[in-house]
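Subject: Structure handover

Hi,

My notes follow below it.

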Amino acid sequence: MDKILDTRKVDKFGKLLESASSIVLTCHVRPDGDAIGSTLGWKHLLERLGKSVTVVVPDNAPRSLLFLPGFDGIAVLTRHEEYCEKLFREADLIICCDFNQPSRLDRMQGLLETSSATKVLIDHHVEPSPFADIIFSFPDMSSTCELSFRIMAELGLYSEMNIEAASCLLTGMITDTKNFTVNCKSPDIYEILQRLLEKGCDKNRIVRLALLEKSYGALMLEAYALSSKMEVFPEFHGSVICLDKWECERFHYEKGDTEGIVNRPTEIRGVTFSFFLREDSDCVKVSARSIMDFPVNLMCKELFGGGGHVMAAGAEYHGSLQDCRRILVESFPKYAAFLKGRTEKLDYFDAKPVK
Ligand code: MN
C-alpha cells in the first residue's frame, strides 16, 4: 500500500485518542453510507480500546443503512436535540468525518463551532476549511472509509478491528465507489478490500442492502423520471431531469429514494453530464454527475453556490423549480468549452409514443 499519511500527524492523532475520555464522531447532514460507515467504523474500533464514543448526526440516516451494527445507538439532532447538545458540550475530542466545511453540519454547525473540544477532520472532499486541529484530507481517495482504514492501520490498530468496524468501513467504500465501479483506480483499494474481507465481512449482503434494495415507490419513481421527465440536449451532451413535490408524493417519496437517478442518464452513449433537480419543502435540490472530467462542480458553484467533486456535485437553489431549470439550461453554451474532444455523436432520438 502506498504510504500517503504524514506519520507525525498520525502519531499526534494517536496521542489525542489515548488521552480523550469522551469522544463525539460526527458527519454531514443527510448522511450517506460513507458518512455513517466511517463514524460507526471508528466507534466500533475505539470502543474496543475502552473509549466512551457516541456518533452524533444532524438528521436521520437513510433506512438502507439500518443493518449496520451500532445504527440504533446513533444520536440524531433533529430527534434528540438536548441530548446531542450535552454530548457536544461534554466531549473532549470531536472527530469530523466525510465533510469539508462546518456548514455541512446544517443546524449542528453551532455545536461544533462553540465546542472547546479538540477537533480532527477525516475527509475526502476538495478544499477543506481549516476548522480542525488535525486535518486528514485526501480528495483523491475513494471514500472517508478508505482513508479511515489507512489511518487505523497506520496507528497499528488493524488487529483491534472487529467484524463490526470492518463491515461499517466496507459499506462506505462500497457506496462511494458504487461497488467498485467509480473512484477506484488505485490498486490500494483492493488491498484494503482484502484486509476487510479477512475480518469476515459479508460483501454481498452489504451490496444488496446498502446499494441495491429499494422500495416499490422508489423504483417506480426512477422509472417515471427516466421515461417521462428526462430531457436530453444532444448539442451539449447533457441531460436534465426535474421532479416536483407532487410527482415525488405520488410515488410515496422517502428520503434517499431519488439517490441514484442522477447517474442514469450518464449511461447513455455520448452523454457527458447529467443534472437532477428535485423540488424539496424549502428549496430545489440540485445534483449533478459527469464523466471525462466535465466540471459539474464548477457549474454547481457558479450557478447555485454549491460544490463538490469534479464529476459528482450538488447545490441547493432557493426559488422555483422552473427558474432553477431555466438558469441551468441557459448556461449550457457557457460550459460547452469543457466538452472539448467530445465529438462522438450522442445516441438519442425523440421517442414519441406509438399511436
Ligand atoms: Mn464520502
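Histidine 124 counts as buried, at 4% relative accessibility. Buried means under 20% relative accessible area, with a 1.4 Å probe and protein chains only. Aspartate 34 is buried too, with a relative accessible area of 0%.

Ground rules: this is a predicted model, where local features need pLDDT of at least 70, side-chain atom pairs count only at pLDDT 80 or more, and totals for chains, interfaces and linings use all residues. Residues are numbered from 1 along each chain as its sequence is written, and side-chain values use heavy atoms, leaving out hydrogens and water.

Metal site. The manganese ion has as protein donors Asp34 (OD), Asp98 (OD), His124 (NE2) and Asp176 (OD), lying 2.2 to 2.4 Å from it. Donors are N, O and S atoms within 2.8 Å of the metal (3.2 Å for Na, K and Ca). Water is not among the atoms, so the site may look incomplete. The donor spacing in sequence is D-x63-D-x25-H-x51-D. Aspartate 34 lies in helix H2 (residues 33–48), and histidine 124 in the loop between strand E5 (118–123) and strand E6 (134–137), so the pair ties together parts 90 residues apart in sequence. Helices (H or I, at least four residues) and strands (E, at least two) are DSSP runs.

Helix packing. H6 (residues 163–176) and H8 (residues 203–212) pack at about 55°, axes 10 Å apart. Axes are lines fitted to C-alpha atoms over the stretch in contact, and angles run from 0 to 180 degrees between N-to-C directions. The contact (heavy atoms within 4.5 Å) involves Ser167, Leu170, Thr171, Ile174 and Thr175 of H6, and Lys203, Ile206, Val207, Ala210 and Leu211 of H8.

Best wishes

Conventions. Buried means under 20% relative accessible area, exposed over 50%, partly exposed in between (1.4 Å probe, protein chains only).
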